[in-house]
Every structure is written in C-alpha cells, then in structure tokens.
Amino acid sequence: VALERTRKATPIDRRLHRSADQSAVVSFDGFYPPYFILHTESLYFDAQRVKVAGNFRPPVDGEVCIAVNTIRPGEEQPPLNNPNNEACFSNSYNAQLAGFAEARGTHRLTVRLKSKVDLTIGDGDASSFVAAPPLRPTTDSKFLTLLRNAVAGWLYLDGAGDDPGVAGPLSPGWSGHTMVGVHKLNWIQAMIEGLLNDKVPGDIVECGAWRGGASIFMKGVLDAIEPHSQRAVLVADTFAGFPPAEDEVDTNGWALQNFGVGGGAAAVRDTFKRYDLFDDRVHILEGFFNETLPNAPTFSIAFLRLDCDMYRSTLDALNALYDKVSPGGIVVHNNWQYTSARAAFLDFRRQRNLEYMPLHLVDGNAMAFIKEV
C-alpha cells in the first residue's frame, strides 16, 4: 500500500510529468538532492527513490543504471557513468550500494537509462554527496538500551536473533510503541546527545507520534543525560489517523492506513506513565497540526522531528514551528521516501531560502538539517 501510495503521488521533478510518447527521463525525484551529506553505509534504490517517465519501460526497453564515482581533488566532477562503477537493474531496480561506512570525501551519484544495445537513452539525473561518519550514541546506559528495545518492540520478539532491525510491523508477533525501529532510535539519541553537549536551547518536539514510543524514548534520553532539565517534550498527533488529502501531491491512499490509537491522547499519556516518564514537562497535543501547533506551549525548539507522511501535514508543522527552532537546532524529516512529505519539506526550504543549509541523509529514509544563524 505504501509503495502504491507514493507511486500515485505527483512527482516533484517536473520532467517526470512526461507522457508515454515523449522522450524518456529517469530521476531521483528529490530523494537524492543535488548535494547532501551521507551518514549511512548504504544507498538504496527502488521505485520510491528512482522514477522513470516517457517512452522507456524497463525491462522491455532496457535497464536503469546507477553509478557512484569519487570526485578527486582538483576535479569538478568525475567521468559520468563509468561502466566499471555501475549497477544496472532491469525489473524492479530494487537494490542497494553498500560500503560507505568508512568512505570519506566527495562523490558523484548518477542514474541513466541504458537501452538493450548499451546506449544511454533520454535524460538522467545526478547528485553529489560527502561521505561522513554514521551517527552513533555515546552514552553508555543500560536503562536507555532497555528503553529503546522496549518501545521498538525488539525486547518482546522471542527467537528474533541478534539483529534489532527486524523489530517492526512486518515481523510476525511484533508489538511496539513506535515503528521507528532500533537503528533510528540510536541516531535520534546521538542527535539529542550532541544538542545537549552543545547546549543548544529548546524543547523536543515530535509531529506524528502514533503510540508515542519515539517521544517516550526521547524523554528517557533527556532524563538520563540531563536529569534536572527544564526542556519540555511535545507529542503532536491526531491519534486518530490522517486528514483528507487536499493537495494534488497527496493521495487519499493514506486513508487505507490504520494509524489511529485507541483511546487517543489519553492512551499515549498512560503509556508514558507505564514507562514512568510522564511529568509536567510532557505535553500531548491532540488534533490536526494546523489547529494545535500554532499555539503549542513552546518558545524554543532544539529538536524538531517530523513524521507527518502527508504534504499538508508536513507544511503545517513547519510553518507553525520552524521559526521557534534555535540556531544549532536540528530538523528531522522521517519520511523522505514518501513523495508527498518530501515535496513539502523541499518546498518549505525553497520558499524560506533555506537551501544553503546542507541536508544530511541519516538513514535510508530520513533527512535532516541543522538550523544556522
């Protein structure tokens, strides 16, 4: 359902509006922007990240080819589409390129369409990225490890083995208070550690919280590292599902998803209490973002996490809260794989002249940036 949802969403790259009788084009559609900083070991490619339009249909007409080349000192860009560094896919082009954990320097990422006679067809796309270290927490705390594993549901997956990445809604028998997963909670912790170490002022805000597990974990990180902190944790959601699609980039496919929380905000509050993490610094905001966030009880924000899924919801959250983000604060977009929410994020940055602030790809489907002065 999620894949069909994003396929039907209006593309960000206007070239992808070409009809089947026009020249071919392949695009990252904004998933890999013109320039970004990579903090992950792998780059992923599928129908959410690479889109084809025009008169080319793999595998009938050929393949989609991805290449990564290092930009050497003194070079403006490396030779494009070196066959020795390419990976080509005919059917789903669902793959990943790994090996970036220890990579450094600047690299060029390109995609092209290759016909069956090995000719480049139509228009391609390209991005440049700087390989940077992955984000890992540094606080050695058995409490935070236990809390992380509990809210992510890994604690209760008997026989799941040693890979915490299996903890999620696709695992049989899974039950957790967040779908974020163990790996994302790790880099969320690392970001909050950095903000606390740098003494960036402000609260922790999550927009799109489902059952509240990620916010519960972030409150636990605050209590463990800064036990006398006056920072608040704001948890915003309808707790009842999605609003109707109003913008052309969104689809009503979101209505097929059941993200409601039985009992609403009261149930999330009770969950905080069961973890012994509810106090007067936790604020649960129930309702549509355009109604609750303009009057949110915060004057400054250090960490703004957006898990809004839809275009309008994402834009409403940014319009209401971005100006409260402190210099040095971090804005995280958790749904980079969804065209609709990604379009809202990119539109906001463009409208507010924020594109000079580099985007950081912190995992396979999350993008962040640091607010500069």
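This is a predicted model: local features need pLDDT of at least 70, side-chain atom pairs count only at pLDDT 80 or more; totals for chains, interfaces and linings use all residues.
I started with what lines the second largest pocket: 15 nonpolar residues, four polar ones and eleven charged ones.

Then I checked which elements give two or more residues to the lining, and got β9, spanning 120-131, and α8, spanning 339-351. Helix α8 gives the most, with five residues. For the volume of the second largest pocket, I noted about 600 Å³.

New page: a pair of helices.

I looked up α2 (residues 142-151) against α3 (residues 182-197). Their axes come within 9 Å and cross at roughly 140°. Roughly parallel, roughly antiparallel, roughly perpendicular or oblique? Roughly antiparallel would need an angle over 145 degrees, so I wrote down α2 and α3 as oblique to each other. As for handedness, α2 passes α3 in a right-handed crossing.

Who makes the contact? On the α2 side I listed Leu 144, Arg 148, Asn 149 and Val 151. On the α3 side I listed Val 182, Leu 185, Asn 186 and Gln 189. I sorted the residues of this contact by type and got four nonpolar, three polar and one charged.

Terms used:
Residues are numbered from 1 along each chain as its sequence is written. Side-chain values use heavy atoms; hydrogens and water are left out. On a 1 Å grid over the protein atoms alone, a cavity is a set of points where a 1.4 Å probe fits but cannot get out, and a pocket is an open set with protein on both sides within 12 Å along at least five of seven lines; lining residues have an atom within 4 Å of a point. Grid points are joined across faces, edges and corners, and a volume is the space filled by probe spheres set on the points. Helices (H or I, at least four residues) and strands (E, at least two) are DSSP runs, numbered from the N terminus. Ala, Val, Leu, Ile, Met, Phe, Trp, Tyr, Cys and Pro count as nonpolar, Asp, Glu, Lys and Arg as charged, and the others, Gly among them, as polar. Axes are lines fitted to C-alpha atoms, for helices over the stretch in contact, and angles run from 0 to 180 degrees between N-to-C directions. Angles under 35 degrees count as roughly parallel, over 145 as roughly antiparallel, 65 to 115 as roughly perpendicular and the rest as oblique. A crossing is left-handed if the near helix is turned anticlockwise from the far one by less than a right angle, and right-handed if clockwise. Contact means heavy atoms within 4.5 Å.
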